Amino acid sequence: MRRNLIVRAGIIIFVTALFLYLLYPTIKFNYLMSPSAKEDLKIEDPKAYEKLLSNSIKLGLDLQGGMHVVMEVDVEELAKVLARNKDDRFEEAWKEARSITAQEERDFLTVFTQELEKKGTDLARYYGTKSLKERDEILDYLRGQATEAVNRSLEILRNRVDQFGVAEPTIQKQGEKRIIIELAGITDPQRVRGILGQTALLEFRLLKEQQITQNVAAKINEYIKGQISPGDTLKEEETRDTTIIRPEDLFGETTAPADTAKKDSAELSREKLFKENLFFAYPGDPQRLLVPEDNETRLKLVLQTPEIQNIIRTEAGEAEFLWGKLDPNGEFYGIFLVEKQPELTGETITEAYPQPGSGYDAGSFGKFEVSLAFNDEGAKTFSRVTGANLNKRLAIVLDRKVHSAPVIQVKIRDGRARITGLETMEEAQDLAVVLKAGALPAPVKLMEERTVGPSLGKDSIQKGMNSALLGFIGVTLCIMLYYKFSGLIADLALIFNIIILLGVMSYFHATLTLPGIAGIILTIGMSVDANVLIYERIREELEKGKTIWSAIDTGYSRAFVTILDSNLTTVIAGIVLYQFGSGPIRGFALTLIIGIAASMFTAIFVTRTVFEFLLERKIIKKLSI
């Protein structure tokens, strides 16, 4: 018995320590760090800041403030854009179908087809091809294009939101043609509207030549070194791998003067900002510079300064640095010096699809590629650009982010191109989606917008915390007054239950919302139900004249089935809510399910261990219940 108690007590101590450890990032980020300390950490050590933030419980839109936006792909306009040889009958049928569906909940494409047939024509006249002749085939094609347009819109909006820098945004598809976007912590709704309303910009830009890139790098390095005082120079030379990073490749950074901090809270003073080894040349690709992930924020500030812009303008003319993707190891970004003016934009792309690499091309055999097709105007421009820039590199840029920069090997006359050397089919599929996203065939309409101000969010947090605190105090006092010392043990189990609940939420990076707080409050009330059942059963056994040990053993054993049955049915309901509910409902369901699971552990395992430990050590001889 003694050994069994020691093992169970050890489990309780271990679980308590584990969940307090999981909860520590949340406590540190929200209560132990000042806003200025958070800002300094974000700039000085972005990786540590992101890790701390990701391990913390995040606040939802209703608590933190922000925007809830619903956007819809305009299927009616898509049908119009895709049509060929449009005439008066088409225009009249289109307008009538749009008018009907605006007043009635009917499928636009079905109504449009019926209106065309009323006017003596059909879909094949405007959408038919050699492979699309039948009405049902054309309808399937149009619905497929609508679905694809929604998926491409999702990619565009994700890129736009990422550019805005929102932490943990929610972007999801609703129904067949709507997209829900939730941006927590937004303080500038007008700017968000502008970003979401923009069309994704796909561009093809030439990279500056290798010598120009190296000259610009050397000049920037020379300027930065001149700004760093000897006492501020970081001692990184001792640990640097000289076979990869040469002194002339090292970069520092600068920023705007300290008096501009009000305009951009992320800016640092020169003393904090300047630092060597911000980025360096990549030995295998002289036209790409590598940036350690930790230096991303600093370097972006550097490249915006007038001094650095002047160096780029003097050495490279009309050029700018654009960022690439993070490498597979998550350690370095690539940046490229490219022409400011694009040679071609995504407006001319008609198709982009992934495929396995060609067996006739040794460079792409065993890998994957993306095949592109341009319209007539794009084909002519692409032919001219590729013919005039053989053996140069052409960067493929979406929303000012370089996705790849292949070498132009031949003049491409047929309006088709391949992007080769992709490692996986998933990478090829993602790139194809990105490329086609720049040529979105249908507009996206703003259908709904709700803005929650930060003050309302803080008020909601305060009221929610007050409710939880009052509920906790009320429950603990009632259970203590009614069950005396045994009620105190149940209260300790209740505290342990809340620690487990919040620790699990922190581990799974859950988002806390108002319904989530409601779930926690409900958990506080429900978690003592198990103890009530157990204690009443123990009372009955004691009234029958049984010993304390026997009453506890019987009380827990016989109450277990009832507790399991009642909690199991509640968990099933919670799972259904989580599976089929929307954001707020899922938040409530998640906290409810976690809370019930934790209450089973604390009410049955923890309280019994405490009782038996106290009786074994003879700390109590009579059960106060």
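Which residues are exposed on the other side of H14? Pro-306 and Thr-314 are, with exposed taken as over 50% relative accessible area, buried as under 20% and partly exposed as in between (1.4 Å probe, protein chains only). The model is a predicted one, in which local features need pLDDT of at least 70 and side-chain atom pairs count only at pLDDT 80 or more, while totals for chains, interfaces and linings use all residues. Residues are numbered from 1 along each chain as its sequence is written, and side-chain values use heavy atoms, with hydrogens and water left out.

Back to helix H14, which spans residues 306-316. Helices (H or I, at least four residues) and strands (E, at least two) are DSSP runs, numbered from the N terminus. The buried residues here are Ile-308, Ile-311, Ile-312 and Ala-316. They sit on the same side of H14 because they cover an arc of only 95 degrees around the axis, the arc being that of the directions from the helix axis to the C-beta atoms. As a rule, an α-helix has 3.6 residues a turn, so residues three or four places apart point the same way.

Four strands make up an open sheet in the order E3-E4-E2-E16, with antiparallel pairing; two strands count as paired if DSSP finds at least two bridges between them. At the edges are strand E3 (170-174) and strand E16 (444-452), each of which pairs on one side only. On average, neighbouring strands of this sheet are turned by 15 degrees against each other, direction ignored. For that angle, axes are lines fitted to C-alpha atoms (for helices, over the stretch in contact), and angles run from 0 to 180 degrees between N-to-C directions. Strand E2 (residues 66-73) and strand E4 (residues 178-184) pair in the antiparallel sense over 7 bridges. Val-69 has Ile-181 in E4 as its bridge partner.

Then there are the charged pairs. The structure has 29 salt bridges, each a side-chain nitrogen of Lys or Arg within 4 Å of a carboxyl oxygen of Asp or Glu. One of them joins Arg-98 to Asp-74 at 3.2 Å, N to O. Arg-98 belongs to helix H6 (residues 88-103) and Asp-74 to the loop between E2 and helix H5 (75-82), so this pair ties together parts that are 24 residues apart in sequence. Arg-98 is partly exposed at 27% relative accessibility, whereas Asp-74 is buried at 3%. Another salt bridge links Glu-104 and Arg-106 (3.6 Å, N to O); Glu-104 is partly exposed at 40%, and Arg-106 is partly exposed at 40%.

In helix H19 (residues 514-543), Glu-536 and Arg-539 are 3 residues apart, about one helical turn. Their salt bridge has its closest N and O atoms 3.5 Å apart. Salt bridges that share partners also join Arg-8, Asp-553, Arg-608 and Glu-612 into one network.

Lys-618 has a phi of about 60 degrees, sits in the segment after helix H21 (583-616) and is exposed at 61%.
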